[in-house]
Amino acid sequence: MKLLTYAQSTDSVIHSETDTAHSDNLKNQLNSVQQLSAEGVADSLKRTELEARVARLTLNDAQRSALVKELNALKQKDSLRTIRQKQQVDSLRKFVKGFPVKPFRDTIFSLYLKQGSFTAKDRADAIEQRLIRLADNYRFSTDSLKISEAEQTTDIIYADELIMSVSDMDALWENTSREKLAQKLRAAMGSAINIHRDETSIQTLVKEGLLALLVIGVLSLLIFFINRLFKWFTSKLALSERVSKKGVHIRNYQLLTPARQLGLINTVIGLVRWVIILITIYFALTILFSIFPFTRDISTALLGYILSPLRRIGEAIWNYIPNLITIIILVVVFRYMLRFFNFIKLEIERGQLTIPGFYPDWANPTYQIIRVLILAFMLVVIFPYLPGNESPIFKGVSVFVGVLFTFGSAGALGNVVAGLVLTYMRAFKIGDRVKIGEVTGDIIEKNLLVTRIRTIQNEIISIPNSTVMSNHTVNYSSDATHGIDCAHNSYLWVRCAMAASASIAY
């Protein structure tokens, strides 16, 4: 157990270290992208300065050619930097999760990069608050959202208020240009604000309220008809002769009187009625919450509480079908294997099949031993295909059952082993008159656990097989002379005479 606990703790530490290393790697790559962006800004400023200086110089100025050469080098460097940034962003896009901007429940767009001292999350939160304030402004119109070009960013503004600044890195992350991304985000913001204003207008709220009243009315009618239906069904059952007069009988025993049967049926019907009513109310609430925009998240959650478990159950059943087919095939194979050994057992008992040194009375116990071994082997083979076999709870229950079986069956196993030994010793058989310890009588039964003897006083005594093994056994039956021809074996006449005298005495 300590070793298992240590292995589990080590595994968790390894996974934790792996996740930390992966997170650090992503962080380093993001920092590298930001560093390239900062270098690009610095080179852009320098390039602007060089372009201004070149514009001030004449064509014949010797210094102008050197500045042009430096300017071309900066442009080439900027082009290579852009390619590197695009490659890094493409590799990060599948791992990095953006922060959604969703001021009205639905996500408008997502932000991935920080800007200045603001993280991506801070940017998303700030934009959400600004859009909410715009939606509350009754003078807002989509045309009022303007795009303004700055030196390093393209800004989306409303009146004198900055809504969002779009950088080259934001555009690179969306695989587009800065101007196109700004136009796209401006249209998305205006559309989201207009939809929100339409959904929260007085006319819309009145319509949604009337629709909610309609849903409540339909729900009330459904509950009324469900109650009437079950009441009618209960009255029909009460008038039924089979329920009201006969009750439930198992042969000659009356399991339930008519009154108890009717009471049990009414209880079950009442439970079914309440379950149907609760399910109806649950789905009505889902529809009711989906009507209003500000409660649609609750409706989605309520619907998910039912659909998610059903989907997981369906997926689990579908994924388990190959293992189930494997188990069925294994059970069929082992079943026919047992039938084959059962056929061999029956043939030996009937005397149709003779094996030298193997007695017919050994056939059944030998078959039982083989049967137990085959079934145990079948369980071992099937175990990996059982659902939940890797679960710690499943393993714990298996160990617990094994411990109970080990401690609880210690004495019984000793009797079983002794019974098997007695069977193959052939010390006696059913009908023999024997003396075991101080008990004398006829063998009427012997199994894997006990041997039963009927004494001369017609008493039945059960003796555990382990006790039989630990005592000496005297067999007075004629089976002592089985296989001995007393007429032609004169040297065994003493044994024959003793057996005959014992038979006469009893």
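**A tour from the sheet to the helices**

Select Thr451 to begin: this residue stands opposite Ile463 in β11. The model is a predicted one, in which local features need pLDDT of at least 70 and side-chain atom pairs count only at pLDDT 80 or more, while totals for chains, interfaces and linings use all residues. Residues are numbered from 1 along each chain as its sequence is written, and side-chain values use heavy atoms, with hydrogens and water left out.

**The sheet**

Next, display strand β10 (residues 450-455), which is joined to β11 by five bridges, the two running antiparallel. Strands here are DSSP runs of E of at least two residues, helices are runs of H or I of at least four, and both are numbered from the N terminus. Two strands pair if DSSP finds at least two bridges between them.

**Helices α9 and α10**

Now select α9 (residues 296-350) and helix α10 (residues 363-382). Their axes are 10 Å apart and the packing angle is about 170°; axes are lines fitted to C-alpha atoms, for helices over the stretch in contact, and angles run from 0 to 180 degrees between N-to-C directions. α9 is therefore roughly antiparallel to α10, a term for angles over 145 degrees. Contact means heavy atoms within 4.5 Å. By class, this contact has 17 nonpolar, two polar and three charged residues; Ala, Val, Leu, Ile, Met, Phe, Trp, Tyr, Cys and Pro count as nonpolar, Asp, Glu, Lys and Arg as charged, and the others, Gly among them, as polar.

Staying in α9, centre on Glu347. Glu347 is buried at 16% relative accessibility, where buried means under 20% relative accessible area, exposed over 50% and partly exposed in between (1.4 Å probe, protein chains only). Not counting residues up to four places away in sequence, Glu347 touches Gln352 and Leu353.

**Aromatic pairs**

Finally, show the aromatic rings: the structure holds five aromatic pairs. Rings of Phe, Tyr and Trp (its six-membered ring) pair if their centres lie within 6.5 Å; planes under 30 degrees apart count as stacked, over 60 as edge-to-face and the rest as tilted. Tyr282 and Phe283 have ring centres 6.1 Å apart and planes at 85°, so this pair is edge-to-face. Tyr282 is partly exposed at 24%, and Phe283 is partly exposed at 38%. Phe340 and Phe341 also form an edge-to-face pair, 5.5 Å centre to centre with 70° between the planes.

Definitions and conventions:
Angles under 35 degrees count as roughly parallel, over 145 as roughly antiparallel, 65 to 115 as roughly perpendicular and the rest as oblique.
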